[in-house]
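Biologist: Could you take me through this one? I'd like to go through it piece by piece.

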Amino acid sequence: MTTSLDGRVAVVTGSTRSIGFGIATAFLASGATVVLSGRSEGKGKEALAELGELGADDRAAFHPCDSALQGDVEGLIDWTIERFGHVDILVNNAGGSRGFAMVHELSDDAWQHALDFNLNAYFWGTRRALPSMLERGWGRIINLSSVEGKQANKAMISHYVTNKHAINGFTKATAFEYATSGITCNAICPGAVETDAMRELGPMVAQSTGITYEQFLNAYAQDAPIKRLNTVEEVAAMASLLVSEAGGGITGALMNVDGGTSSW
């Protein structure tokens, strides 16, 4: 079976940097046309320029999208279909949380934002993309979950943990409903990866727990049997398998790329 993505159109949310950008780059290398998205037009232009240097030519495009907003997420899918005719692959990657606090101090804003930015965004995008996939009898959906979607052993991130667990359930439900339609849906559960978001938010989380950012990173590394953080390239390699013809028999799976951190 081939891993070529020639003729496929992919949408990757939150893809101007870090994991999303790594996945988009891998898809382009396999022949896909890829629509990148993110809140910043400037970062979008920078990402396209970098992909152009890699020979992406006219197979890469950017459309602005704040994944915490339903209209933006649905508009991203609509724009892609209008420009390229269809959507074959959707990677729900954008997500995260803010307002880190213990449950008794967690604000309504932090809780609701996490729901919209994670679970709701994945639902909005998936619902909008499925008709195009059903029409063509082929589709690949990947939801970026987390090792935190398989455990709950860290304080002050209950909103993040809750959403990642829910995303795993949504993945399995979607996979079951469309398994006979040529459409797969899987979740990737990465361990800690030092992304741009980690560099931005990690120091604040570390400070709130009385440790340095270096100690914060090392704690994640020591949780993993490989004793290091995972890489963007490792996550992108898993995504490339799942969207390929060779990955067509994998659906409803929660694929760990966590250095052995999760116990299941």
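Biologist: Where is lysine 227 found?
Modeller: Lysine 227 is in the loop that runs between helix 7 (213-223) and helix 8 (232-243), where a helix is a DSSP run of H or I with at least four residues, numbered from the N terminus. This is a predicted model, in which local features need pLDDT of at least 70 and side-chain atom pairs count only at pLDDT 80 or more, while totals for chains, interfaces and linings use all residues. Residues are numbered from 1 along each chain as its sequence is written, and side-chain values use heavy atoms, with hydrogens and water left out.

Biologist: And what is the phi of lysine 227?
Modeller: Lysine 227 has a positive phi of about 60 degrees, although it is not a glycine. Serine 18, not a glycine either, has a positive phi of about 55 degrees, and serine 18 lies in helix 1 (residues 18-29).

Biologist: At what angle do helix 1 and helix 8 pack?
Modeller: Their angle is about 50 degrees and their axes are 8 Å apart, the axes being lines fitted to C-alpha atoms over the stretch in contact, with angles from 0 to 180 degrees between N-to-C directions. Helix 1 and helix 8 are therefore oblique to each other, since angles under 35 degrees count as roughly parallel, over 145 as roughly antiparallel, 65 to 115 as roughly perpendicular and the rest as oblique. The crossing of helix 1 with helix 8 is right-handed, in that the near helix is turned clockwise from the far one by less than a right angle.

Biologist: Which residues make that contact?
Modeller: Helix 1 contributes Ser18, Ile19, Gly22, Ile23, Ala26 and Phe27, and helix 8 contributes Val232, Val235, Ala236, Ala239, Ser240 and Val243, contact meaning heavy atoms within 4.5 Å. By class, helix 1 with helix 8 gives nine nonpolar, three polar and no charged residues (Ala, Val, Leu, Ile, Met, Phe, Trp, Tyr, Cys and Pro are nonpolar, Asp, Glu, Lys and Arg charged, and the others, Gly among them, polar).

Biologist: Switching to helix 4, how does it pack with helix 5?
Modeller: Helix 4 and helix 5 (residues 158-178) pack at about 15 degrees, with axes 9 Å apart, which makes helix 4 roughly parallel to helix 5. Their crossing is right-handed, and the contact includes Trp111, Leu115, Tyr122 and Phe123 of helix 4 and His159, Ile167, Phe170 and Tyr178 of helix 5. The residues of this contact divide into 13 nonpolar, seven polar and one charged.

Biologist: What about helix 3 and helix 4, what is the angle there?
Modeller: Helix 3 (residues 70-84) and helix 4 (residues 108-136) pack at about 25 degrees, with their axes 9 Å apart, so helix 3 is roughly parallel to helix 4. Their crossing is right-handed. Among the residues that meet are Val73, Ile77 and Ile81 in helix 3 and Ala121, Trp124 and Arg128 in helix 4, and by class this contact has six nonpolar, three polar and four charged residues.

Biologist: How many cavities of 30 Å³ or more are there?
Modeller: Two turn up in a search of the whole structure, a cavity being a set of points on a 1 Å grid over the protein atoms alone where a 1.4 Å probe fits but cannot get out.

Biologist: Which residues line the second largest cavity?
Modeller: Thr13, Ser67, Val73, Asn92, Ala121 and Tyr122 line it, a lining residue having an atom within 4 Å of a point. Its volume is about 30 Å³, and its lining has three nonpolar, three polar and no charged residues.

How values were computed:
Helix = DSSP H or I, 4+ residues; strand = E, 2+ residues; numbered from the N terminus. 1 Å grid on protein atoms, 1.4 Å probe; cavity = no way out; pocket = protein on both sides within 12 Å on 5 of 7 lines; lining within 4 Å. Points joined across faces, edges and corners; volume = space filled by probe spheres on them.
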